[in-house]
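Welcome, and thanks for taking a look at this protein with me. Please open the model alongside the text, and we will go through confidence, the sheet, the salt bridges and a surface patch.

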Amino acid sequence: MINKIKYRIIILLTLAFFTACQNDDNNSAAANIDAMVAEPGDLLNQAFPLNKVRVEGQGLTGLKKITLDNKINITFNPNYNSDRAFIFTVPFDEKLGSRFGVQPITFVTATGSFTKNIEILQPVPTITKTTPAVATPGFPLEIEGTWFYNVSSITLGGKQ
């Protein structure tokens, strides 16, 4: 009778051991990012605001959340998510705290979360309108356009 109990305990311990090993193997397949590629020109780990970024890696199934700079939640389409890649658009909203430069981006998937760095590049400023249409020395000139961040000076006709 004691031998039967001893063998049953050994069998139960053996089953518990193999079950524990299987769970450890499943948890070791954590998510990992190899590259973040953005257009134009296939920028690596860099992107301009409002451009699409393709994230490539492994264990990316079940993307749940993307957070930029620890404060800005990025929307994405889960239909474009696979185990090896997904796509998102880089947001830019000053009210939410968007900024240029290197910043952390955190991805939360079904297999865990991880943080990488991405550099948000500043687009070249564009001028859409000047009022008056022709500048006159000594008179104010109003310039309208986009991406006027970190502008330190303006040159007209070679003069500041």
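What you see is a predicted model. Its average pLDDT is 84, and 88% of the residues score at least 70. Confidence is highest in strand β3 (residues 46-47), with a mean of 96, and lowest in helix α1 (residues 2-27), with a mean of 62. Over residues 22-28 the pLDDT falls below 50, and this stretch has zero contacts in the model beyond near neighbours in sequence.

Next, the sheet. Five strands make up an open sheet with mixed pairing, in the order β3-β9-β8-β5-β6. Its edge strands, β3 and β6 (72-74), each pair on one side only. Strand β3 runs parallel to β9 (residues 112-120), and two bridges join them. Looking at the residues here, you will find Ala47 with Ile120 of β9 as its bridge partner.

Now for the charged side chains. Side chains of opposite charge can pair when their charged atoms come close.

| Salt bridge | N to O distance |
|---|---|
| Arg54 with Glu56 | 2.7 Å |
| Asp69 with Lys71 | 3.8 Å |
| Asp69 with Arg99 | 2.7 Å |

In the Arg54 and Glu56 pair, Arg54 is partly exposed at 36% relative accessibility, and Glu56 is partly exposed as well, with a relative accessible area of 28%.

Is Asp69 buried or exposed? Asp69 has a relative accessible area of 11%, so this residue counts as buried. The side chain of Asp69 meets that of Arg99 in a salt bridge. This pair links distant parts of the chain, 30 residues apart: Asp69 lies in the loop between β5 (65-68) and β6, while Arg99 lies in the loop between β7 (85-89) and β8 (101-109). Arg99 is partly exposed, with a relative accessible area of 34%. Through shared partners, salt bridges join Asp69, Lys71 and Arg99 into one network. Lys71 is partly exposed, at a relative accessible area of 47%.

Finally, the surface. A nonpolar patch there consists of Ile127, Phe148, Val151, Ile154 and Leu156, which together have about 460 Å² of accessible area. Val151 sits in the segment after β11 (142-146). With a relative accessible area of 43%, Val151 is partly exposed.

Technical notes. Residues numbered from 1 in each chain as written. Predicted model: local features only at pLDDT ≥ 70, side-chain atom pairs only at ≥ 80, totals over all residues. Heavy atoms only, no water. pLDDT = per-residue confidence, 0-100. Helix = DSSP H or I, 4+ residues; strand = E, 2+ residues; numbered from the N terminus. Contact = heavy atoms within 4.5 Å. Pairing = 2+ DSSP bridges. Patch = residues over 30% accessible without salt bridge, like charges linked within 9 Å, V, L, I, M, F, W, Y side chains within 5 Å. Areas by Shrake-Rupley, 256 points an atom, 1.4 Å probe, with all protein chains shown as cover. Salt bridge = Lys/Arg side-chain N within 4 Å of Asp/Glu carboxyl O. Buried < 20%, exposed > 50% of the residue type's maximum accessible area, 1.4 Å probe, protein only.
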